[in-house]
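The exercises below are meant to be worked through with the sequence and the structure side by side. Try each task before reading its solution.

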Amino acid sequence: MGEGEMAEAMATREAILLAKRENWPSVIFEGDCATLIDKILEPLVDLSAIGPIVADIRSFAADFCSISFQFVMRSYNSVAHALAHSVCDYAEGVSVVPVEVSPYVFAEQFS
């Protein structure tokens with residue numbers, strides 16, 4: 001397991017916590033780390049270093065009416081990739097699109 005997989009797992013856990021705080025009933029998580037997506041979807045206990053994070057993600061997922069985790073190639077996931085590389089603060093309770101990624105968000109909304 002590389003640092004990238006750990007970073008993806010931690011980012012996914014934070015994203016699912018954000019969705020819970022915002023009370024979103026249905027969410028779709030797209031990621032470009034196939035190994036992580038497989039681990040989240042696998043029903044067995046993950047004994048790897050990211051196992052506890054995967055367990056958290058699975059536990060939090062139970063709180064949604066509808067949730068899915070999908071692998072998406074990085075080249076098709078420009079918004080998530082830009083978000084992962086931008087440095088932004090998220091003020092609890094305030095939903096904002098960081099300036100660095102707003103062109104990607106708007107491009108995907110209208111594509």
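**Exercise 1.** Is Lys20 buried, partly exposed or exposed?

*Solution.* The model is a predicted one, in which local features need pLDDT of at least 70 and side-chain atom pairs count only at pLDDT 80 or more, while totals for chains, interfaces and linings use all residues. Residues are numbered from 1 along each chain as its sequence is written, and side-chain values use heavy atoms, with hydrogens and water left out. Start from the classes: buried means under 20% relative accessible area, exposed means over 50%, and partly exposed lies in between, with a 1.4 Å probe and protein chains only. Lys20 has a relative accessible area of 27%, and therefore counts as partly exposed.

Next, look for its partner: Lys20 forms a salt bridge with Asp63, the closest N and O atoms being 2.3 Å apart, where a salt bridge is a side-chain nitrogen of Lys or Arg within 4 Å of a carboxyl oxygen of Asp or Glu. This pair links distant parts of the chain, since Lys20 belongs to helix α1 and Asp63 to the loop between α3 and β2 (66-71), 43 residues apart.

**Exercise 2.** Find how many salt bridges there are, and describe the pairs involved.

*Solution.* The count comes to four salt bridges. One of them joins Asp56 to Arg13, with the closest N and O atoms 3.0 Å apart; Asp56 lies in helix α3 and Arg13 in helix α1, 43 residues apart, and the pair thus links distant parts of the chain. Asp56 has a relative accessible area of 28% and is partly exposed. Another bridge connects Lys39 with Asp46 at 3.8 Å between the closest N and O atoms, and here both Lys39 and Asp46 are buried. Through shared partners, salt bridges join Glu5, Lys39 and Asp46 into one network.

**Exercise 3.** Determine why the buried residues of α2 lie on the same side of the helix.

*Solution.* First list the buried residues of α2, which are Leu36, Ile37, Lys39 and Ile40. They cover an arc of only 160 degrees around the axis, and therefore lie on the same side of α2; the arc is that of the directions from the helix axis to the C-beta atoms. The cover over these residues includes α1, β1, α3 and β2. On the face turned away from the buried side, α2 carries the exposed residues Asp38 and Leu41.

Technical notes. Helix = DSSP H or I, 4+ residues; strand = E, 2+ residues; numbered from the N terminus. Contact = heavy atoms within 4.5 Å.
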